[in-house]
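Please keep the sequence and the model in view while reading.

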Amino acid sequence: MSDSPYVSTTNACKLCTPLGASLAFRGIEGAIPFLHGSQGCATYMRRYIISHFREPMDIASSALGEKQAVFGGGPNLKKGILNVMSKYGASVVGVATTCLTETIGDDVPRLLAEFRKEFADLPLPEIVHVSTPSYSGTHMEGWHAAVAALAGQLVTEKAAPERRVNLMPGLVSPADLRHLKDILADFGVAATILPDISDSMDRPALLDYEKLPAGGTTLADIRAMSGALGSIEWGRAVHVVESAGANLERRFSVPNQSLGIPVGIRETDAFFAALEALTGTSTPQKYLEERGRLVDAYVDGHKYVAGKRAIVYGEEDMVIAMVAFLAEIGVKPILAATGSTCKNFKSALAEVTAGLLPEPPEARLGVDFHDIAEQAADLAPDLLVGHSKGYTYAKAWDVPLLRVGFPIHDRFGGQRMRHVAYGGTQDLFDRLVNTILERKQEASAIGYGYL
């Protein structure tokens, strides 16, 4: 028997690292994601992203083949960026490495420095690079690494002080981001949301195809981040070497606060308290009323959800947020699973369930769905909470699936699902209760015309 610590993956509970980076780069105005690797990587990622968002997703590639795998991909990288400049007129090129280029050892920072020197006579775009080999992380680690690279490489000077708040929300839906923009505007502050996929990944129908979709965080707003009142980062499990908020705090003394994704009342209260502290503005009345309606909904729906047992899986921070939400509405999370290996996953679960559960749910890290299925058979869950990749297991166990996170491939409108703040939690709670009611109705011989 082999002593290797590596095991095969039957059905991964994660996606690849450069996919997350590509999606984050799409949230920058005028940006094109560029994968330094084989063409197949870009094709696979485009398929996954398009299926969830139902939007075109161009990802450029250096398209390395066997020759480049032996002699290096530098010439292809440089030629590829020139092609992107001519075909798209991109103002930002986000270069993410892949397994192939990391394995052969391409020195991307050196290659990009050579490119800038060789073509200094051309109007070059901003080029941001990030190291994202899939064998060392998940799509969320790629996302956070890309966000940190954007802040670290594009914010180079101290901006004039401004009544501005920086928000790094992680991978939430375009609908969530639009909701957040409304909240920040109601607090009377300028805002930099990094990145902002609310328009680029949920676009209106147009007569003519746009090579570069409108929307995204502008370069001007990114550079203004160094003069902000402060930064708020969402994610209890972010484990890049230095996050975007931490980088801005270290270099420009912009105060940074890390919070969980605000799903549920407790986590949303913490987010609004942070906004109040940063801006000196009280929470607008409309959000206090939203909170009150959410409390009322919890009371009305409690009889349907109390005591249900749930397995939660997916992106590490979304899992933590969902566990926090379920615990406060009376659903018992019995297993929390993620493909990530982040070290503080278990402690974060304990933190968000303190005072709500006698003990946190069992945490499983670095798992695939085969691992989850082996354990879940003995847990008798009433509900699965996670993305579409869990559907076959929900069907096999004859339990409903509440779809959250990314990817959602077997339902329509994943990009328009709200999860965050009081309004998003209300939408989520309604979906959860109706999922349970629908299951009760379908399983009943009577049918229940009134529940």
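S388 counts as buried, because its relative accessibility is 10%; buried means under 20% relative accessible area, exposed over 50%, and partly exposed in between (1.4 Å probe, protein chains only). The structure is a predicted model, in which local features need pLDDT of at least 70 and side-chain atom pairs count only at pLDDT 80 or more, while totals for chains, interfaces and linings use all residues. Residues are numbered from 1 along each chain as its sequence is written, and side-chain values use heavy atoms, with hydrogens and water left out.

The position of S388 is in the loop between β12 (383-386) and α16 (391-397). Helices (H or I, at least four residues) and strands (E, at least two) are DSSP runs, numbered from the N terminus. The side chain of S388 reaches the backbone nitrogen of H409 at 2.9 Å. When neighbours within four places in sequence are set aside, S388 is in contact (heavy atoms within 4.5 Å) with R403, P407, I408, H409 and D410.

The nonpolar interior comes next. A nonpolar core is a set of buried Ala, Val, Leu, Ile, Met, Phe, Trp, Tyr and Cys residues joined through side-chain atoms within 4.5 Å. The largest such core holds 104 residues, and W234, F271 and F325 touch the most other members. Helix α13 (residues 316-329) supplies the largest share of this core, 10 residues. Apart from it lies another core of 16 residues, including Y313, F369, L384 and Y393. Residues up to four places away in sequence not being counted, W234 touches H144, L167, M168, P169, V172, L180, L259, G260, I261, P262, F271 and V420.

Which cysteine sulfur is closest to that of C16? It belongs to C41, and the distance of 6.8 Å is too far for a bond, since a disulfide is a pair of cysteine sulfur atoms within 2.5 Å. By this rule the structure has 0 disulfides. C16 is buried, because its relative accessibility is 12%. C342 is likewise buried, at 2% relative accessibility.

Charged pairs complete the picture. Side chains of opposite charge can pair when their charged atoms come close. A salt bridge is a side-chain nitrogen of Lys or Arg within 4 Å of a carboxyl oxygen of Asp or Glu, and the count by this rule is 20.

One of these salt bridges joins R164 and D221, whose closest N and O atoms are 3.5 Å apart. This pair links distant parts of the chain, 57 residues apart, with R164 in strand β5 (residues 164-168) and D221 in helix α9 (residues 219-223). R164 counts as buried at 6% relative accessibility, whereas D221 is partly exposed at 25%.

Another salt bridge is formed by the side chains of E267 and R236, at 2.9 Å from N to O. Here too distant parts of the chain are linked, 31 residues apart: E267 is in helix α11 (residues 265-279), and R236 is in the loop between β7 (230-234) and α10 (244-252). E267 is buried, with a relative accessibility of 11%, while R236 is partly exposed, with a relative accessible area of 21%. Elsewhere, salt bridges that share partners join K78, D107, R110, E114 and E118 into one network. Within this group, D107 forms a salt bridge with R110, the closest N and O atoms lying 3.9 Å apart. D107 is partly exposed at 36% relative accessibility, and R110 is partly exposed with a relative accessible area of 42%.

Key: Polar contact = N/O pair within 3.5 Å; in protein donor to acceptor, adjacent residues only side chain to side chain.
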